[in-house]
Amino acid sequence: GSTRTQQMSRDAYVLDTDTWTWTKLSVTNKDEACPPSLASACAANVSDNKVIIFGGASIGSTGYEGGMGLTPRDDTWLLDATSDGEAYWTKVESKEKPGGRVAASLSPTGDSSFLLQGGYDPLTKTTFDEPWIINL
């Protein structure tokens, strides 16, 4: 996500809805095997302990620039969390993939497929209207 001062993060948290407490996950990957720090990625639940994320944006070399300095991402990542607060990222590779975008929605459509809809490209100032299926 992004802070109020446009600092990006790749931190992941779990919300316990019985106690309404957040717990920061301890990621066990090395940095190069994790998604970049980004904001406005879309996410969907895969199972009780797995989440898939797609897209989002990182800050480009010119800075935030009121959102126009954001660089859209077209990466898909899977986060696998354990009950003891540890997590592991895996990059999902595919031959065809949608263009990078922010503020899209991602919904499960089956055991290992997800519907990606909408989103915005901050570089071209365009919105996306074609749906995509992302398969794990």
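Trainee: Which side chains meet in a salt bridge with lysine 91?

Mentor: A salt bridge is read from the distance between a side-chain nitrogen of Lys or Arg and a carboxyl oxygen of Asp or Glu, with a cut-off of 4 Å. In this predicted model, lysine 91 meets aspartate 75, N to O, at 3.9 Å. Lysine 91 belongs to strand β9 (residues 86–92), while aspartate 75 sits in the loop between β7 (70–72) and β8 (76–81), so the contact ties together parts that are 16 residues apart in sequence.

Trainee: Is aspartate 75 buried or partly exposed?

Mentor: The cut-off for buried is under 20% relative accessible area. Aspartate 75 has a relative accessible area of 8% and is therefore buried. Lysine 91, at 36%, counts as partly exposed.

Trainee: How many salt bridges does the count come to?

Mentor: The count comes to 5. Another of them pairs aspartate 11 with lysine 24, whose closest N and O atoms are 3.6 Å apart. This pair links distant parts of the chain: aspartate 11 is in the segment before β1 (13–16), and lysine 24 is in strand β2 (residues 21–24), 13 residues apart. Both partners are partly exposed, aspartate 11 at 42% and lysine 24 at 47%.

Trainee: Turning to pockets, what volume does the largest pocket have, and which residues are closest to its centre?

Mentor: The largest has a volume of about 520 Å³. Its lining has 27 residues, and the closest to the centre are Asp11, Ala12, Tyr13, Val51 and Leu79. Two or more lining residues come from each of β1, β4 (42–47), β5 (50–54) and β8. By class, the lining has 17 nonpolar, 6 polar and 4 charged residues.

Trainee: Which strand gives the largest share of the lining of the second largest pocket?

Mentor: Strand β14 (residues 132–135) gives that share, with 4 residues. The second largest pocket has a volume of about 150 Å³. Its lining includes Trp132, Ile133, Ile134 and Asn135, and also Phe54, Glu96 and Lys97. The lining divides into 6 nonpolar, 3 polar and 2 charged residues.

Key. Residues are numbered from 1 along each chain as its sequence is written. This is a predicted model: local features need pLDDT of at least 70, side-chain atom pairs count only at pLDDT 80 or more; totals for chains, interfaces and linings use all residues. Side-chain values use heavy atoms; hydrogens and water are left out. Buried means under 20% relative accessible area, exposed over 50%, partly exposed in between (1.4 Å probe, protein chains only). On a 1 Å grid over the protein atoms alone, a cavity is a set of points where a 1.4 Å probe fits but cannot get out, and a pocket is an open set with protein on both sides within 12 Å along at least five of seven lines; lining residues have an atom within 4 Å of a point. Grid points are joined across faces, edges and corners, and a volume is the space filled by probe spheres set on the points. Ala, Val, Leu, Ile, Met, Phe, Trp, Tyr, Cys and Pro count as nonpolar, Asp, Glu, Lys and Arg as charged, and the others, Gly among them, as polar.
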